[in-house]
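Please open the model in your viewer, keep the selection tool at hand, and follow the stops in the order given here.

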Amino acid sequence: MAYVNNPTLNSQRAGTRATDEKVPQALSGYRPTLGATASAGPEYGRQTGSGVTTSGWLWPRSFALTAAYTLFNGFTTANQTRNAESQVRGSRETLRNTEQAVLLNAATAYMNVIQAIALLDLQRQSLAAFEQELRATRDRFNVGEVTRTDVAQAEARVADAQYQVSQAIANLSSARAVYRQVIGVEPGKLSTPRSIEGMLPKNVDSVIASGLTRHPAVKASEFAVDAAVFQVKVAEGALMPNLNVQGQLSQAYDQNFSVDSLGGAAVTLNLSVPIYQGGVEYANIRQAKELASQARIEVDVNRDTIRAQAVQYWGALEASKAQIQAAQSSVAANTLALEGVREEWRVGQRTTTDVLNAQRDLTNSQSALVVAQRDRVVAAYSLIAIIGKLDAISLGLKVNVYNPTTHYEQVRDSWAGVRTPDGK
């Protein structure tokens, strides 16, 4: 649902299609340009020749057709095309990165709702248990077996449990809102997700190696370097000569009193050589080179980020596994401890405080187990994203997979037209 509905992902798809148009824009440099001009309007004229003066109104009319074709422009068109194609490839990787981020957010939102529901259930169970303890404590107080202090302690725990329930309800409402934002629908009855840890490499070094070569953020930055290098060559093309051929067909009527019509055709070969233009072209070249250097540094930045995240999420996954085992042991032990404390309390060997503390310890260990289980799933999905496999195809999602090359192929060789093709 997130793959289909998420507006962030759909927005990036539209941005990728817009980037596709840079290629036909660049390829237009290989194509001829055609133009037409026409003019008409009344004109008052006066002409003197051989002692004869003629005057009156004329209706001059003219039109011209012009065609031009660039033969050489310092390889600017070729480099602009390569620059645009690199931008398209980078845009596809950016789209893939957005897809991964959206799907990770969807998995996280899903697990957050499951966690919030489980924690709310635990807090309600805890509240019910404390209320039961309060009733029992009041009964024993009425027959003089406990003091007013015991009743007050039980009442305090009930009030605290009511607060925890209210907080858990608020957290669940917030988790549902984020779920609706990311996935596009309200959460229904959610089931426990299947494990995807089988998709992970066996160790953190393999995760790092896969991330450095497959992560879309790294690949997008590498294509950005290619685009920046070609942009340097485009800037250098401003220092090269420009050669084009131009043809013109013109016709004029009623231009003066002595000629009714005048027509002509011309084909010219035009060469322009830049000598000095104030230094702007040199500044553009230097700027392009600095931007290329920046793009290369961004590749290292992204690789360092991926390496750090791989170690971080792998550690989180391993820690969550240990936390789950510890929390399961703690739940089992606290369950037995609570049962024992209650039995001892009934025969007067334990205080009310002991029972309340045992109930709180059990709730805390159960909550810790829920949180650890959620963290394990989210950490696994985060690692899948690090190795570049958190996408519709790798996950086997039952959706029509968006193919960005479809739109690109539709517009790449387009010579005319203002309608956007249905390449979605």
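A charge is taken to sit over a ring if NZ of Lys or CZ of Arg is within 6 Å of the ring centre and within 35 degrees of the ring normal. Select Arg13 with Tyr3, where Arg13 lies over the face of Tyr3 at 4.6 Å from the ring centre, and then select Arg140 with Trp345, where Arg140 lies over the face of Trp345 at 4.4 Å from the ring centre.

Before going further, note that this is a predicted model, in which local features need pLDDT of at least 70 and side-chain atom pairs count only at pLDDT 80 or more, while totals for chains, interfaces and linings use all residues. Residues are numbered from 1 along each chain as its sequence is written, and side-chain values use heavy atoms, with hydrogens and water left out.

**Aromatic pairs**

How many aromatic pairs does a search of the whole structure find? The search finds 3, where rings of Phe, Tyr and Trp (its six-membered ring) pair if their centres lie within 6.5 Å, and planes under 30 degrees apart count as stacked, over 60 as edge-to-face and the rest as tilted. Select Tyr44 and Trp57, whose ring centres are 5.6 Å apart and whose planes stand at 70°, so the pair is edge-to-face. This pair links distant parts of the chain, with Tyr44 in strand β2 (residues 43-49) and Trp57 in strand β3 (residues 52-58), 13 residues apart; helices (H or I, at least four residues) and strands (E, at least two) are DSSP runs, numbered from the N terminus. Both Tyr44 and Trp57 are exposed, on a scale where buried means under 20% relative accessible area, exposed over 50%, and partly exposed in between (1.4 Å probe, protein chains only).

Next select Phe72 and Phe75, whose ring centres lie 5.2 Å apart with planes at 85°, so this pair too is edge-to-face. Phe72 is partly exposed, with a relative accessible area of 25%, whereas Phe75 counts as exposed at 53% relative accessibility. Phe75 is placed in the loop between β4 and α4, and has a positive phi of about 60° although it is not a glycine.

In the loop between β4 (61-72) and α4 you will also find Asn73. Is Asn73 buried or exposed? Asn73 is buried, with a relative accessible area of 18%, and, not counting residues up to four places away in sequence, it touches Gly237, Pro241 and Asn242, contact meaning heavy atoms within 4.5 Å.

**The nonpolar cores**

A nonpolar core is a set of buried Ala, Val, Leu, Ile, Met, Phe, Trp, Tyr and Cys residues joined through side-chain atoms within 4.5 Å. Select Val207, Tyr381 and Leu390, which touch the most other members among the 53 residues of the largest such core. Helices that each supply at least two residues of this core include α1 (2-5), α5 (148-183), α6 (204-214) and α8 (280-346), while α4 gives the most, with 14 residues. Around Val207, leaving aside neighbours within four places in sequence, the contacts are Pro201, Ala310, Trp314, Leu383, Ile386 and Ile387. A second, separate core of 11 residues includes Ala327, Leu338, Trp345 and Leu369.

**The largest pocket**

Move to Ala106, Tyr110, Tyr381, Leu395 and Leu397, which are the closest to the centre of the largest pocket among the 22 residues that line it. The pocket has a volume of about 660 Å³, and α4 gives the most to its lining, with 5 residues. On a 1 Å grid over the protein atoms alone, a pocket is an open set of points where a 1.4 Å probe fits, with protein on both sides within 12 Å along at least five of seven lines, and lining residues have an atom within 4 Å of a point. Grid points are joined across faces, edges and corners, and a volume is the space filled by probe spheres set on the points.

**Last selections**

Select Val401, in the loop between α10 and α11 (404-411), which counts as partly exposed at 40% relative accessibility. Val401 and Tyr3 are 398 residues apart in sequence and 8.9 Å apart in space, C-alpha to C-alpha, and Val401 touches Tyr3, Ala392 and Ile393 when residues up to four places away in sequence are not counted.

Finish at Asp300 in helix α8, a partly exposed residue with a relative accessible area of 42%, whose C-alpha atom is separated by 9.0 Å from that of Ser221, 79 residues apart along the chain.
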